Amino acid sequence: APAAVGYHKKVVDHYENPRNVGSLDRNAKNVGTGLVGAPACGDVMKLQVEVDENGKIVDARFKTFGCGSAIASSSLATEWVKGKTVDEALKIKNTDIAKELCLPPVKLHCSMLAEDAIKAALADYKLKQDPNKESEKKA
Amino acid sequence: KEQYYSEQHSSLINKAYQTLLNPLSRGLYLLELSGVEPAQETDCDADSAFLMEIMEINEKLAESKNGGIIEEIETLIKVKQEELTRELTAAFERDDLQEAKKLLGKMKYFANLEDKLKSKKIPS
């Protein structure tokens, strides 16, 4: 494991006790999957959300391969989206994540990656709900 | 004073050598010399097939317990890196810097996998 020296204790906490690691069924209609990467550092992040019939996010999972800050950012993201509506979750900003985890400037891009992952997951969910696009996909 | 000067030079030469030895760092340096910044933006939808592949290899490596699987993954990573290096060489040769930039981004993911694999091989 990478050295924990220099990581804020909040980041270490998420790293040692990650919440919501895992996967949801990407083929389920009410699951949105976001898969993003940061080419500058080679981190890759998958974030999935399960949305109920009222448009509320009832479950979220993540899998991240990268630095502690990236893992913590995506772990926090899954915690934050749960219970929010899709539109509310779209308002989550990387700056909020970075602030909560006390990320140093050099790790700010990790929180940006998490914000991008949330947006990608929600965009995927929305795309799946669109009946026109659904039939386009099947054709 | 001369010793200090020699040490500085020695360390610069080492740095230069290490940079040029590794295809990724060499490529990034060449890109920099050409005035193109390495990829900073998040990779997303356009590259989902590639990212899924990276995800799968990472998962496989994380779950791997026996040396056989680890060797398999090591070979896969090596093959992919060689392929990307060939494509990168071709891109630089035809002065396609945008393609070089994209390929260097892909190589970074494999470089990380290579590092993870090395730590996995070291007995704890």
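**View 1. Overall size of chain A.** A compact globule of 139 residues would have a radius of gyration near 14 Å, and chain A, at 15 Å, agrees with that. Here the radius is taken over C-alpha atoms, and the globule rule is 2.2 Å times the number of residues to the power 0.38. Along the principal axes, the C-alpha atoms of chain A fill a box of roughly 50 × 30 × 25 Å. Please keep in mind that this is a predicted model, where local features need pLDDT of at least 70, side-chain atom pairs count only at pLDDT 80 or more, and totals for chains, interfaces and linings use all residues. Residues are numbered from 1 along each chain as its sequence is written, and side-chain values use heavy atoms, leaving out hydrogens and water.

**View 2. Secondary structure.** Chain A has six helices and three strands, in the order α-β-β-β-α-α-α-α-α from the N terminus. These are DSSP runs: helices are H or I with at least four residues, strands E with at least two.

View 3. Of the 139 residues in chain A, 50% are buried, meaning under 20% relative accessible area with a 1.4 Å probe, protein chains only. Among contacts (heavy atoms within 4.5 Å) between residues at least 6 apart in sequence, 60% join residues at least 24 apart.

**View 4. The annotated stretch.** An unreviewed UniProt entry annotates residues 7-129 of chain A as "domain: NIF system FeS cluster assembly NifU N-terminal"; such annotations may be inferred rather than shown by experiment. Over residues 7-129, the chain is 46% helix and 21% strand, with its end C-alpha atoms 40 Å apart.

Notes. Chains lettered and ligands numbered in written order.
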